Amino acid sequence: MDTCTNYKLRRWDLFCRVVDNFGDIGVCWRLACDLAANHGRDVRLWVDDWAAFMRLCPAARTACPDDGEYVVDGVRVRHWTPAFATTEAADVVIEAFACELPPDYLMAMTRRSPSPIWINLEYLSAEAWVEDCHGLASPHPRLPLTKHFFFPGFGARSGGLLREPGLLAARDAFQADAAARAGWLAARGVEVVPETLLISLFAYEQAALPALAEVWATGAQAIRLLVPEGRVVGDVAHAFGRTQLAVGDKVTRGNLSATALPFSAQSDYDRLLWACDVNFVRGEDSFVRAQWAGRPFVWHAYPQQDAAHRVKLDAFLDRYTRGSARAEAAALKSFWLAWNGFADGGTTAAAAAWPALARALPALRGHAQRWSAMLAQTRDLSSQLFEFCVRIAAEKG
């Protein structure tokens, strides 16, 4: 359904301010590409941090002119600068993560008749209140505009998660093809060694890493870390007695080895998650993609003041571990809390919690696959968002 009485919903503007390095723009870029490729929308993405966008999108490797745009993967990308140029408002306007639209653009929205459909795309949370607030309307206090809140989530009454058509089929084919997996890893300088636990490590700065690396290095299990460029690389270097690690560097300490990988496009990052036995992820975008990978994972939640992220962490853990055996659930919770700094023992807590998690990994792998299949029963976020906007348009006439 593409049209309503006075709406065509053809042109979409998506505004993104980069706060968490790549989490915000990672979500927005996936959404923009999905709306363009799979829903036929004319999408214009406004992003304030062009350097962060260039890391995610190798096709945009040059500075964007302030008054110009790039067309990448069917999406028109514009640099959102402080000197925002007045432009005609789109049919649907998405304000990602309450980033606050430019005042001139708000006024342009009031000049449209009918007024644009205005969506505030919220952060992902497993908290129970999310489903009660999903879809709520909020009239602007001064202007004749109404904003609607759209919440991603894990339940049937939420907006779901980003999942492109064919994603899980592509994952299954990749994971079932040992030669394809080995070839993909070999192209990145990683040899598949039998009985070696392959771990991808993408995290914020992590004070718990040195003690954990000691346990990994002295343990009986051979472990290979694949570390994409990011904020945890310095901690990895120190764990191996190095001052830094450059892309392509390979280091070894006892039974632990690590390879520093370049920051990659999102499709390659998905394959990294599919290729590994365990994935350490952070923020929101990689957090969701780890769940679609169907592998055991550890989440480093974005740290907030007064430890506000503890609530999000507990809410997800409670939801994620329902139905799993008590020992596996306890091992997962203990390690996640330690990795996020919420366990007794400080920087050594993760090291102490690792043996139990390692023993639980076979069971957790099956659980991760079942969880991914369960999530796939809910419609994907882009489809739900599009249909939500169609319903609003129908109500407005």
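Helix α1 gives the most to the lining of the largest cavity, with three residues.

Biologist: Okay, so how many cavities of 30 Å³ or more are there?

Modeller: Keep in mind that this is a predicted model. A cavity is a space where a probe fits but cannot get out. Here the count comes to four of 30 Å³ or more, and the largest holds about 210 Å³ of space. It has 18 lining residues, and F22, F202, F263, Y269 and D285 are the closest to its centre.

Biologist: Which helices each supply at least two residues of that lining?

Modeller: Look at α1 (23-39), α9 (266-275) and α10 (285-293).

Biologist: Now N279. Is N279 buried or exposed?

Modeller: The general idea is that buried means under 20% relative accessible area. N279 has 0%, so it counts as buried. You'll find N279 in strand β13 (residues 278-282).

Biologist: And what is N279 in contact with, leaving aside neighbours within four places in sequence?

Modeller: N279 touches S200, L272, L273, A293, R295, P296, F297 and V298.

Biologist: Why does Y123 count as partly exposed?

Modeller: Partly exposed is the range between the buried and exposed cut-offs, 20% and 50%. Y123 counts as partly exposed because its relative accessibility is 32%. To find Y123, go to the loop between β6 (117-121) and α4 (129-133).

Definitions and conventions:
Residues numbered from 1 in each chain as written. Predicted model: local features only at pLDDT ≥ 70, side-chain atom pairs only at ≥ 80, totals over all residues. Heavy atoms only, no water. Helix = DSSP H or I, 4+ residues; strand = E, 2+ residues; numbered from the N terminus. Buried < 20%, exposed > 50% of the residue type's maximum accessible area, 1.4 Å probe, protein only. Contact = heavy atoms within 4.5 Å. 1 Å grid on protein atoms, 1.4 Å probe; cavity = no way out; pocket = protein on both sides within 12 Å on 5 of 7 lines; lining within 4 Å. Points joined across faces, edges and corners; volume = space filled by probe spheres on them.
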